[in-house]
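Reader: Please take me through this model, one region at a time. I shall ask as we go.

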Amino acid sequence: MNKYNGLLSTVALKYHIHKGTQETENDWKTRVVYSICGMMAYASLWDDSEEDSISIVHLKRKVRSMFANYKSMYPELSGSLPYVSEELEDEIANQFLNTGVVYHCPNRIAPSMKHEEPFGGILFQRGIALDNISYVSGIGLYSKQNGATNPDRVKTMFGLEHETLQAFWGATLSTASWETNLLFEQNTEYLRLKPPFSQGYWVNKPDTTGTVSILRTGMKGSPLYYLYRYSDATIEVSPLLQWQVESYNYRSLACACLSTCGALPPIEYFEDGALVHVRMNYLLPPRELEFLKLYSWPETCTSLPCDFRRKLSAEVFTAIKEILSDEGYEFRGGTI
């Protein structure tokens, strides 16, 4: 960390990116470079551009340039940094867009309005001035502030679900309009209700126990989703609205269904001093996942995205763990 007058150490100290107790030097350096690329992308939103406005292309170019510079400056990281620059560019741009850090209008992007919400000793921030950045976890900005014990305002800030998983599932079932299914196409898939989920989230055979679950049918790219249940050896279905399931939002319903059935795997975490490693055995819904990703680093950067395994600042993890636990997600701690 002492090369170039201790450049990476200076950045790590400034943004409080502390090394894990058992973390290797190169893994720490890789996290710092990842965060630097994110901060440079954020700074690019205020660039004086030759164009009339800042575009997503401009942001990605800034990441590409910064990444190339650091990769050449620290060749010892070539085995742990992304092999393909475009993967990192997309990773950072998508996280900013999906968590409201950046507003995207036709042909231009802009930083969001300043928004800060405290919870669990952490002040979650976006849209703040560059000079006011004091703490970084992943590419998420925060500072420390005690006081708030209710996570609802942070949930609203990042578009997270306010109801618990089981309450959300109950509310979904309460609006169901059941009808007997006459015929579905052969490519109908049914939500997998029992592990191992590593073999995919969908199976070819329905559950016949009477449990209400989810099926999807139709074209691969744009399937139709339904609630379904078996009743008197007949399958009954209730259509789900497109906004409930599009862009992987079906995972909100899938997690709620599995939680109600007692089958949703816990999120595993492993503490390593100032760092916490997280392993998901079932992907979170999109907004919860993007929130976690914003405030974390990929467990491995060589191939992005790395959604199932992340690592984050221990103090931020404690706050995020409480927020997701409030939604009904379970966590299981362990050792590295």
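Reader: Where is V212 placed?
Author: V212 lies in the loop between β9 (202–203) and β10 (213–217). Helices (H or I, at least four residues) and strands (E, at least two) are DSSP runs, numbered from the N terminus. This is a predicted model, in which local features need pLDDT of at least 70 and side-chain atom pairs count only at pLDDT 80 or more, while totals for chains, interfaces and linings use all residues. Residues are numbered from 1 along each chain as its sequence is written, and side-chain values use heavy atoms, with hydrogens and water left out.

Reader: Is V212 buried or exposed?
Author: V212 counts as buried because its relative accessibility is 16%. Buried means under 20% relative accessible area, exposed over 50% and partly exposed in between (1.4 Å probe, protein chains only).

Reader: Which residues is V212 in contact with?
Author: Leaving aside neighbours within four places in sequence, V212 is in contact (heavy atoms within 4.5 Å) with W169, L173, W178, L227, Y228, R229 and C257. By C-alpha positions, V212 and A274 are 42 Å apart in space and 62 residues apart in sequence.

Reader: On to the rings. How many aromatic pairs are there?
Author: The count is 19 aromatic pairs. Rings of Phe, Tyr and Trp (its six-membered ring) pair if their centres lie within 6.5 Å; planes under 30 degrees apart count as stacked, over 60 as edge-to-face and the rest as tilted. One of the pairs is F124 with Y295, which is edge-to-face, at 5.2 Å centre to centre and 85° between the planes. That pair links distant parts of the chain, with F124 in strand β4 (residues 122–126) and Y295, 171 residues apart from it, in the loop between α9 (286–294) and β15 (297–298). Both F124 and Y295 are buried.

Reader: And how is the pair of Y225 and Y250 arranged?
Author: Y225 and Y250 are stacked, with 5.7 Å centre to centre and 20° between the planes. Y225 belongs to strand β11 (residues 224–231) and Y250 to helix α8 (residues 250–261), 25 residues apart. Y225 is buried because its relative accessible area is 9%, and Y250 is buried because its own value is 8%.

Reader: Which residues form the aromatic cluster with F124?
Author: F124, F158, F291 and Y295 form one aromatic cluster.

Reader: Which charged residue lies over the face of F158?
Author: R126 lies over the face of F158, at 5.4 Å from the ring centre. The rule requires NZ of Lys or CZ of Arg within 6 Å of the ring centre and within 35 degrees of the ring normal. The charged end of R216 likewise sits over the ring of Y250, 5.9 Å from its centre.

Reader: Now the sheet containing β4. What is the strand order?
Author: The order is β3-β4-β6-β5, an open sheet of 4 strands with antiparallel pairing; two strands pair if DSSP finds at least two bridges between them. Its edge strands, each pairing on one side only, are β3 (115–119) and β5 (135–137). β5 pairs with strand β6 (residues 140–144) over 3 bridges, and V136 has L141 in β6 as its bridge partner.

Reader: What does β13 pair with?
Author: β13 pairs in the parallel sense with strand β17 (residues 331–334) over 4 bridges, where I267 stands opposite F331. β13 is also joined by 5 bridges to strand β14 (residues 275–279), running antiparallel. β13 and β14 form a hairpin with 2 residues between them, and G273 in the turn has a positive phi of about 65°. β13 (residues 267–272) is mostly covered, with 5 of its 6 residues buried.

Reader: What is the phi of S247?
Author: S247 has a positive phi near 50° although not a glycine, and S247 is exposed, with a relative accessible area of 59%. Y248, also not a glycine, has a positive phi of about 70° and is found in the loop between α7 and α8.
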